[in-house]
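Dear colleague,

Please find below the structure that I am handing over to you. My findings follow it, and I should be grateful if you would read them with the structure in view.

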Amino acid sequence: MIICDIKDQAGDGGLRRVLAVIAGREEQAAEIAAQFAKQGEVVEAVWYSDSRQLLAENETRRFEAVILFQSGDEAATDADESALRSAMTDTPLYRVG
């Protein structure tokens, strides 16, 4: 389980976990958030089309974890994973197929 101490951006004082989702379709980020919601957990899943887009952000430390979806090109997914692991050493990375 991923635990976060980030204040809920909705302002209700609750906790909200923020996950980066790298996937071919934006809907995949919504699916991740829905899966957590089914378990009664509120997460914000922020979608990125590739690792370069995520790593270009100044504030990558706000993410509790990164979920990397396998793309059609395994070499590209491997490169994304390598770049993320090098740049975000303290952030868990989950690669899903």
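In β3, the bridge partner of alanine 20 is valine 66. Strands here, like helices, are DSSP runs numbered from the N terminus (E, at least two residues, for strands; H or I, at least four, for helices). Please note that this is a predicted model, in which local features need pLDDT of at least 70 and side-chain atom pairs count only at pLDDT 80 or more, while totals for chains, interfaces and linings use all residues. Residues are numbered from 1 along each chain as its sequence is written, and side-chain values use heavy atoms, with hydrogens and water left out.

The pairing of alanine 20 with valine 66 belongs to a parallel arrangement in which four bridges join β1 to strand β3 (residues 65-69). Two strands are said to pair if DSSP finds at least two bridges between them. Leucine 19 has alanine 65 as its bridge partner in β3. Strand β1 also pairs with strand β2 (residues 43-48), in the parallel sense and over six bridges. In β2, valine 46 is the residue opposite alanine 20. Between β1 and β2 the chain passes through helix α1 (residues 27-38), and this β-α-β crossover is right-handed; that is, with the strands pointing away from the viewer, the path from the first strand over the helix to the second runs clockwise.

Six of the six residues of β1 (residues 17-22) are buried, so this strand is largely enclosed by the rest of the structure. Buried means under 20% relative accessible area, exposed over 50%, and partly exposed in between (1.4 Å probe, protein chains only). In a regular strand the side chains alternate between the two faces of the sheet. In β1, Arg17, Leu19 and Val21 point one way, Val18, Ala20 and Ile22 point the other way, and all are buried.

Isoleucine 22, in strand β1, has a relative accessible area of 2% and is therefore buried. Leaving aside neighbours within four places in sequence, the contacts of isoleucine 22 include Tyr48, Leu54, Ile67, Phe69 and Leu84, where contact means heavy atoms within 4.5 Å. The C-alpha atoms of isoleucine 22 and isoleucine 67 are 6.2 Å apart, although the two residues are 45 apart in sequence.

β3 is mostly covered, with five of its five residues buried. Ala65, Ile67 and Phe69 point one way from β3, whereas Val66 and Leu68 point the other way. β3 runs parallel to strand β4 (residues 93-96), to which four bridges join it. Leucine 93 in β4 stands opposite valine 66. From β3 the chain crosses through helix α3 (residues 74-87) to β4, and this β-α-β crossover is right-handed.

**Helices and loop**

The 12 residues of α1 should span 16 Å at 1.5 Å a residue, and its end C-alpha atoms are 16 Å apart, which agrees. The expected span is 1.5 Å times one less than the number of residues. Gln28, Ala29, Ile32 and Phe36 are the buried residues of α1. They cover an arc of only 110 degrees around the axis, which puts them on the same side of α1; the arc is that of the directions from the helix axis to the C-beta atoms. Their cover includes β1, β2 and β3. After α1 comes glycine 40, whose phi is positive, near 80 degrees.

Arginine 52 is in helix α2 and is exposed, with a relative accessible area of 60%. Its C-alpha atom is separated by 10.0 Å from that of isoleucine 22, 30 residues away along the chain. Threonine 60 lies in the loop between α2 (51-55) and β3 and counts as buried at 14% relative accessibility. Not counting residues up to four places away in sequence, threonine 60 touches Leu54, Leu55 and Met88.

**The chain as a whole**

The chain has three helices and four strands, in the pattern β-α-β-α-β-α-β along the sequence. Of its 97 residues, 37% count as buried. Among contacts between residues at least 6 apart in sequence, 61% join residues at least 24 apart. The accessible surface of the chain comes to about 5900 Å², of which 49% belongs to carbon and sulfur atoms; accessible areas come from the Shrake-Rupley method with a 1.4 Å probe, and for residues only the protein chains shown count as cover.

With kind regards
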